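Here are my notes on the model. Please read them beside the sequence and the coordinates.

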Amino acid sequence: MSVVSAVKSFLAQKFWRPVADESVYYNPFNTAVYSLAFAAAAAYIGKPLLEKLDIELNRKFFLSIAPYIFLGGAARSLKDANIVNTILLETPFIYLMLFGFTTAVLLGSLKIEEYSSLSYSKVFGSIGLISLIAVLSAYSYPNPLVFVETGLIFAPLAFLSIYGPRVLGSDLGAYSFGIPVSAHFFDASTSFVALSRGAAEKHVLANQFIDLMGPAGMFVMKALIVIPVVYIICTDMEGDERRYYLFLIAVLGFALGTRNIISAAVVG
């Protein structure tokens, strides 16, 4: 086999098959590439774009972009539920589509603010909320207990994530530390419920913990990885840089968890 053929075969097996065939899970190669691509895009596209647009990373911005975070997970579940069967809802295409849509709406909202009395955040947030409701309305939910089970597990973890450091006397900001950590405990909670109902985990590292500890391994993995990362960002970064990277960590947790909970409630 020639070098070119070997490379084509490797790319097809490690990158294309997991996209085209849902029975093929993530592997260390595509996981590493997607992770590096996300980190590079965050550092060299997302952050400079927000700075160029002079967007303040404040409460107004975070509340207005929140619907788009959940929209990604909700849209991804459309394929799990066989409502929309397109490869565009698979990784990495779903991320590219959502980034393009969110950026386009943000730019349009800033233009509307420029020529009217409307705040960009109200326009931006409203369009995101309408889009999220539209996607959620496409589902029926035959397994509503999934939401109850997830809530019972997630609520105490979120409380501990937000208020635990304060009780221990830490000077970490309750929300700056607690929200990104809570986001990943939300993902772990939804994964635990879905796995307990027969779902399969597709991510490489998560499967290692699940093989060792069962579905509860998701909580251990999140605690061992996310808490130290968030702590380092909180203590070593300041200002918008700290807020930006904490926001990205929260995005990943809430987006993944949203897909898990919807798919579990819809598909079972």
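**Notes on the model**

1. V229 has its place in helix α9. Helices here are DSSP runs (H or I, at least four residues), numbered from the N terminus. V229 is partly exposed, with a relative accessible area of 38%. The classes are buried (under 20% relative accessible area), exposed (over 50%) and partly exposed in between, with a 1.4 Å probe and protein chains only.

2. A word on the source. This is a predicted model, in which local features need pLDDT of at least 70 and side-chain atom pairs count only at pLDDT 80 or more, while totals for chains, interfaces and linings use all residues. Residues are numbered from 1 along each chain as its sequence is written, and side-chain values use heavy atoms, with hydrogens and water left out.

3. V229 belongs to a nonpolar surface patch of about 630 Å², together with L205, L212, M213, V220, L224 and I225. Patch residues have over 30% relative accessible area and no salt bridge, and nonpolar side chains (Val, Leu, Ile, Met, Phe, Trp, Tyr) are joined within 5 Å. The areas come from the Shrake-Rupley method with a 1.4 Å probe; for residues, only the protein chains shown count as cover. Helices α8 (204-213) and α9 (217-236) each give two or more residues to the patch. The largest share, four residues, is from α9.

4. The largest nonpolar core has 40 residues, and L50, I55, F61, L106, Y120 and F124 touch the most other members. Such a core is a set of buried Ala, Val, Leu, Ile, Met, Phe, Trp, Tyr and Cys residues joined through side-chain atoms within 4.5 Å. Helices supplying at least two residues include α2 (28-52), α3 (59-80) and α10 (239-266). The largest share, eleven residues, comes from α10. Another core, of 17 residues, lies apart from this one; I210, M221, I233 and L246 are among its members.

5. F61 deserves a look. Leaving out residues up to four places away in sequence, F61 touches L50, I55, E56 and Y120. Contact means heavy atoms within 4.5 Å.

6. Is G253 buried or exposed? G253 counts as buried, at 0% relative accessibility. This glycine is in helix α10. Its contacts, not counting residues up to four places away in sequence, are A183, H184, F186 and D187.

7. T150, in helix α6, is buried as well, with a relative accessible area of 2%. A polar atom of its side chain lies 2.8 Å from the backbone oxygen of V146. T150 also touches F186, S189, T190, V193 and I261, not counting residues up to four places away in sequence.

8. Which residues are linked in a network of salt bridges? They are R76, K79, D80, E90 and R259. A salt bridge is a side-chain nitrogen of Lys or Arg within 4 Å of a carboxyl oxygen of Asp or Glu. The whole structure has nine. R76 pairs with D80, with the closest N and O atoms 3.2 Å apart. Both residues are buried. They are four residues apart in helix α3, so about one helical turn separates them. D80 also meets R259 at 2.8 Å, N to O. That pair links helix α3 to helix α10, 179 residues apart.

9. One further salt bridge joins D187 and K222, at 2.8 Å, N to O. D187 is in helix α7 and K222 in helix α9, so the pair ties together parts 35 residues apart in sequence. D187 is buried at 4% relative accessible area, and K222 is buried at 9%.

Conventions: Patches are made of residues with over 30% relative accessible area and no salt bridge: like charges are joined within 9 Å, nonpolar side chains (Val, Leu, Ile, Met, Phe, Trp, Tyr) within 5 Å. A polar contact is a pair of N or O atoms within 3.5 Å; within protein, one must be able to donate a hydrogen and the other to accept it, and residues adjacent in sequence count only if both atoms are side-chain atoms.
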